[in-house]
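Please keep the sequence and the coordinates open while reading.

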Amino acid sequence: MMTIPVSARLANLVRRSGTRLLSTRQQKQSAELAGVCDYERFYSYPQEPGFVRNSPFDSINIPQCTIDQYVWNNVHEWENKVAAVCGITDRQYTYAEMRDNCAALAVRLQKMGLRQGQTVGICLPNLPEFPIAALGALEAGCVVTSVNPIYTPDEICRQLLDADAEFVVTTVDRFSAVQEACALAKKLIRIAAVRTDASQSLPAGAIDFFDLINPMGVDFSSLRVPNASIEDIVFLPYSSGTTGLPKGVELNHRNITSNCEMIQAKTGDKSIILPTTSDFQDIIPCVLPFFHIYGFTVTLISKLALGCKVVSLPRFHPDSFLRVMSAYKGTVLYLVPPIVIMLGHHDKVKPEHLSSIRVIMSGAAPIGAPDADRFTARAPGVEFIQGYGLTESSPVVLMSQLGQQNCATVGQPVPNTQAKVVDLSDPTMTGMGPNKVGELLVRGPQVMRGYHNRKEATDEMLMENGWMKTGDLAYYDEDNNFYITDRLKELIKVKGFQVPPAELEELLRDHPKVADAAVIGTPHPINGEVPRAFIVAKPGIAVTEKELQEYVAGKVASYKRLDGGVDFIESIPKSATGKILRRELKLKYCP
């Protein structure tokens with residue numbers, strides 16, 4: 001093995017991972033020459049009748065490269081700056097170190113036998129090692145599926161099996177749960193463990209993650225560069241879509257990199273992230289989970305590509321979040337409504353915690369203007385904007401413009417993206433005019449390829465001419481600002497996490513004392529919503545609310561627990577086809 005100095009390794013790797021931002025004409029020629037796709041489907045769309053809303057932002061050039069190439073394209077400009085730092089332990093990686101660590105991991109994954117297209121599971125909280133695991137796996141040509149680290153072994157097993165994972169990266173603390181999940185899967189899946197504290201010992205059977213990413217002794221010339229297309233599926237987060245159990249969302253390189261470019265769109269001469277220079281670097285405190293598409297694309301991948309400093313927090317707690325804000329002076333915050341509300345109310349929030357903030361973006365769920373105003377009153381001069389998206393759209397499709405005073409809107413279509421609102425009873429799906437509520441449809445290069453191994457669900461969500469149903473009710477005003485009013489989909493959103501009622505209902509019906517069950521979301525002042533169950537008990541058998549709450553709590557992640565309570569009723573309202581009428585339950589019990 002030969003060892004190359006850091007600067008030489010970087011130069012060699014950068015030369016092999018250059019990004020090309022092509023003009024629209026070049027994109028068309030490239031697509032036609034490669035025989036990759038129908039140009040109209042991926043880069044432009046035909047005219048159609050009705051109201052279709054276009055983006056007010058300038059169009060972007062779609063990167064003709066893989067995600068890892070996109071991130072490292074300009075790494076030589078900020079190689080000595082900090083890329084990621086742990087907000088709890090303060091351990092950190094410079095861009096040069098992270099680049100080498102990722103390449104070393106890619107080489108070793110290939111030497112362990114992982115082939116292009118095979119899946120690596122990442123079951124990690126927000127740690128500086130998360131991007132190393134993800135980018136290293138992508139550079140090796142693997143697909144990455146991100147797993148919620150607080151999942152139970154049953155939930156982890158389900159995802160590993162569906163994604164056909166061959167390798168998993170997790171922490172020492174979660175190793176036993178992942179190991180149990182692999183045993184349940186009855187499949188040999190190798191597991192690497194991250195030691196988050198120097199005092200931690202490696203569990204028996206675990207591969208030391210730090211051995212895998214150590215660049216010493218690595219022959220970087222042995223890395224086999226994958227013969228990749230930007231249309232290759234490479235990221236497989238799990239979402240419930242409009243109904244049912246979690247499904248893998250097939251996202252390709254183009255989906256992620258184009259969305260990274262979209263969210264950096266300028267408003268006039270202003271953009272959310274400022275250029276990284278010799279004496280300036282935007283600092284992004286990251287509390288939104290990287291395993292979620294919002295955290296992965298918006299707070300991690302797009303920011304590393306711009307040379308920002310990412311400060312990771314493995315979980316949200318007001319004290320640790322405020323400590324990070326005080327110590328690291330975050331400049332741009334990407335949050336969800338419960339955290340924005342906390343910042344507007346919490347007694348411990350002081351001016352020094354907010355003084356460095358330039359922009360705050362809220363997403364994952366709508367936030368009311370009064371809550372936004374309460375926060376901005378504590379931080380005069382801070383730009384507050386909202387965004388809207390889905391896992392299925394990588395995620396952002398709508399975004400406010402900087403300088404806009406309307407805090408209630410989720411904004412307008414991001415670059416290269418179109419949106420329309422359609423009447424639910426109109427089979428032609430023709431776009432309606434302003435101030436008419438209907439289902440929101442979107443299209444653009446960030447829209448997923450489809451659901452993994454779920455053709456029927458894919459066909460239900462994706463329409464002709466590139467349109468994707470969002471399952472959300474919305475309208476737009478005369479200024480083309482969009483507002484989300486409700487959702488058709490019956491997912492329960494707890495702190496931004498999606499909880500599919502069908503999953504909990506299936507679990508409850510498996511209880512020996514339960515004859516039938518339905519679950520809905522009930523409003524909660526902090527979490528947004530929490531699951532609430534309606535139970536039909538088996539005749540002559542006594543069962544209590546506490547018994548069922550404890551039963552569910554032992555089988556699911558904490559945010560899926562029945563914190564909204566359990567009601568016992570005589571029958572579950574259903575349609576003629578047997579579909580649970582959850583809206584009737586909401587109208588009757590949650591006025």
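In this predicted model, a search of the whole structure finds 10 aromatic pairs. One of them joins F534 and Y589, whose ring centres are 4.8 Å apart and whose planes meet at 45°, so the pair is tilted. The pair links distant parts of the chain, with F534 in strand β26 (residues 528-537) and Y589 in helix α19 (residues 582-589), 55 residues apart.

**Nonpolar cores**

- The largest nonpolar core has 170 residues, and the members that touch the most other members are F321, Y334, F375 and L440; the element that gives the most to this core is helix α5 (residues 95-111), with 9 residues.
- Once neighbours within four places in sequence are left aside, F321 is in contact with V287, L313, F316, L333, L335, M342 and L343.
- In soluble globular proteins, nonpolar side chains tend to be buried together.

**Helix α13 and its cover**

- Helix α13 spans residues 337-345, and its buried residues include P337, I339, V340, M342, L343 and G344; among these, M342 and L343 are also contacts of F321.
- The buried residues of α13 are covered by elements that include the helices α12 (318-328) and α15 (369-378), together with the strands β13 (332-335), β14 (359-362) and β15 (383-389).

**Surroundings of K420**

- K420 lies in strand β18 (residues 418-422) and, although it is a lysine, counts as buried at 3% relative accessibility.
- Which partners does the side chain of K420 reach through polar contacts? The side chain of E48 is one of them, at 2.9 Å, and the backbone oxygen of M429 is another, at 2.6 Å.
- Leaving aside neighbours within four places in sequence, the contacts of K420 are E48, F51, V52, M429, G431, E439, L440, L441 and W467; L440 in this list is also one of the residues that touch the most other members in the largest nonpolar core.

- The side chain of T66 makes a polar contact with the side chain of D68, at 2.8 Å; beyond residues up to four places away in sequence, T66 touches A228, H253 and T257.
- H76 is placed in the loop between α4 and β1 (82-86), and H76 is partly exposed, with a relative accessible area of 45%.
- From H76 to I207 the separation is 131 residues in sequence and 31 Å in space, taken from C-alpha to C-alpha.

**Backbone geometry**

- The peptide bond from S394 to P395 is cis, with omega near 10°, and P395 lies in the loop between β15 and β16 (396-399).
- N416 has a positive phi, near 60°, in a residue other than glycine; N416 is found in the loop between β17 (412-413) and β18 and is partly exposed, with a relative accessible area of 25%.
- N435 likewise is not a glycine, yet its phi is positive at about 65°; the place of N435 is in the loop between β18 and β19 (438-443), where N435 counts as partly exposed at 42% relative accessibility.

**Confidence of the prediction**

- The mean pLDDT of the chain is 89, and 91% of its residues reach 70 or more.
- Over residues 1-8, by contrast, the pLDDT is below 50, and this stretch has 13 contacts in the model beyond near neighbours in sequence.
- For residues 11-43 the pLDDT stays under 50 as well, and the model has 63 contacts for them beyond four places in sequence.

Note on methods
Residues are numbered from 1 along each chain as its sequence is written. This is a predicted model: local features need pLDDT of at least 70, side-chain atom pairs count only at pLDDT 80 or more; totals for chains, interfaces and linings use all residues. Side-chain values use heavy atoms; hydrogens and water are left out. Rings of Phe, Tyr and Trp (its six-membered ring) pair if their centres lie within 6.5 Å; planes under 30 degrees apart count as stacked, over 60 as edge-to-face and the rest as tilted. Helices (H or I, at least four residues) and strands (E, at least two) are DSSP runs, numbered from the N terminus. A nonpolar core is a set of buried Ala, Val, Leu, Ile, Met, Phe, Trp, Tyr and Cys residues joined through side-chain atoms within 4.5 Å. Buried means under 20% relative accessible area, exposed over 50%, partly exposed in between (1.4 Å probe, protein chains only). Contact means heavy atoms within 4.5 Å. pLDDT is the predictor's confidence in each residue, from 0 to 100. A polar contact is a pair of N or O atoms within 3.5 Å; within protein, one must be able to donate a hydrogen and the other to accept it, and residues adjacent in sequence count only if both atoms are side-chain atoms.
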